[in-house]
Amino acid sequence: MKIFQHLKSFFFKPSKKLGLGVLLVLGAVAGIVGKVGFDETLHETGKEEFCVGCHTMVGMQEELKQTKHWKNQFGVTADCSACHLPHDTVQKYMRKVVALKEVYDEVTGRFDEPGSFEAVRYELAQKEWKRMSANGSAECKACHRYERMDFDSMSPKARKQMKAAAEKDQSCIDCHKGIAHHIPKAPEGEANSGIDPNLVASTLDADKVYYTQIQTPIYADEATKEEIGYLEGVAPVKFIKVGDNADLVELDMWRKAKGYGRIWYNDFAKSITDAVLTKAFMEKEPKFETLESREDPMTGIEWQKVKMQVWVKKGQLASDVVPIWEHAKELYDAQCSTCHKQPDIKHFDSNTWVGVFKGMVGFTNLDSTQAKQVLRYLQTHASDAPQQEAK
């Protein structure tokens with residue numbers, strides 16, 4: 001009886017202990033209710049029905065329905081959350097916080113206009129690929145475990161690739177970006193949005209060589225009214241002077257002395273494109289200086305070393321090419337080793353690399369700008385590259 005009276009007094013007697021007892025009980029109840037409610041909300045918002053409740057996601061589901069992840073002979077499938085919601089508790093909570101913005105965009109009508117979602121889909125896909133690459137495709141590996149794969153049951157080609165991937169615990173998304181959804185195309189103009197402002201030269205010195213970062217338009221006039229072609233990414237130019245509206249640079253390149261000769265190359269008899277001039281411009285027979293003529297013994301084609309000054313818009317040139325090559329090397333190592341060990345750079349000459357890379361690039365996720373940068377890196381560091389160019 002004394003114990004009962006003591007407990008009764010603890011919970012109901014109007015004293016300091018009354019507040020403590022009530023708070024403990026109410027706090028525990030509130031905590032349990034809150035946790036259950038939170039977990040239930042998390043569970044419900046992770047269901048496929050919730051995901052496709054947004055009209056923009058209906059199209060994503062239709063794409064998924066065309067794949068083995070939706071329906072297969074084993075009946076083992078994956079819904080939206082299986083791939084896009086981290087299974088780790090902390091990471092799951094963090095992803096849910098980020099998803100609040102996505103829900104907000106949906107309910108406020110950001111994607112109501114036709115084509116509005118497709119316009120940003122490439123950007124969203126890049127973010128998701130980056131997330132999955134960073135965690136080693138942890139969501140994929142919740143079902144697809146290297147250590148439980150029966151390599152002997154695979155085709156010879158798949159066995160070779162999967163064993164190589166297993167040895168380095170390859171992230172699945174490196175090779176399988178289009179396995180559940182179509183790979184979105186980069187929006188128009190995406191290839192010209194890759195300038196790193198940190199690499200742009202703050203000052204330009206006369207007669208010093210600078211480099212483009214991406215495909216860069218060139219002009220016949222300082223006002224940049226007459227566009228006459230473009231420079232490829234990582235093309236070297238000599239700076240001449242600063243104009244009011246643009247920078248004057250000098251092209252010192254090679255071209256084939258046939259036809260209009262409007263493609264200008266980095267070196268004699270090498271298919272490393274530096275500049276492409278328009279047909280209309282070359283039809284005007286523009287003045288440029290021919291420094292040297294030489295016949296290619298392999299093809300019998302005459303090549304000319306030429307020089308011409310053109311204008312480029314301000315803020316286009318980089319003074320240090322090394323960071324650009326380092327980035328290209330990272331892309332090559334990451335993208336071109338996902339299916340097999342990539343060839344050594346010195347294994348091919350600059351012209352052979354064109355065909356070899358063309359056969360490889362279709363199995364990567366490189367956009368057009370990145371692909372051109374990687375190919376140029378391979379060509380300028382190939383077996384026939386001058387020793388001083390090798391990095």
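Reader: Which residues does Glu 128 touch, not counting residues up to four places away in sequence?
Author: Happy to start there, with contact meaning heavy atoms within 4.5 Å. Glu 128 has its place in helix 7 (residues 116–134), where helices are DSSP runs of H or I with at least four residues, numbered from the N terminus. Leaving out residues up to four places away in sequence, Glu 128 touches Cys 83 and His 84.

Reader: What kind of model is this, and how are residues numbered?
Author: This is a predicted model, where local features need pLDDT of at least 70 and side-chain atom pairs count only at pLDDT 80 or more, while totals for chains, interfaces and linings use all residues. Side-chain values use heavy atoms, without hydrogens and water, and residues are numbered along each chain as its sequence is written, from 1.

Reader: Does Glu 128 count as buried or exposed?
Author: Buried means under 20% relative accessible area, exposed over 50%, and partly exposed in between, using a 1.4 Å probe and protein chains only. Glu 128 has 14% relative accessibility, so this residue counts as buried.

Reader: How many Å apart in space are Met 57 and Phe 117, C-alpha to C-alpha?
Author: Met 57 sits in helix 4 (residues 55–64) and, at 27% relative accessibility, counts as partly exposed. Leaving aside neighbours within four places in sequence, its contacts are Cys 51, Val 52 and Phe 117. Met 57 and Phe 117 are 60 residues apart in sequence, and their C-alpha to C-alpha separation in space is 9.6 Å.

Terms used. Helix = DSSP H or I, 4+ residues; strand = E, 2+ residues; numbered from the N terminus.
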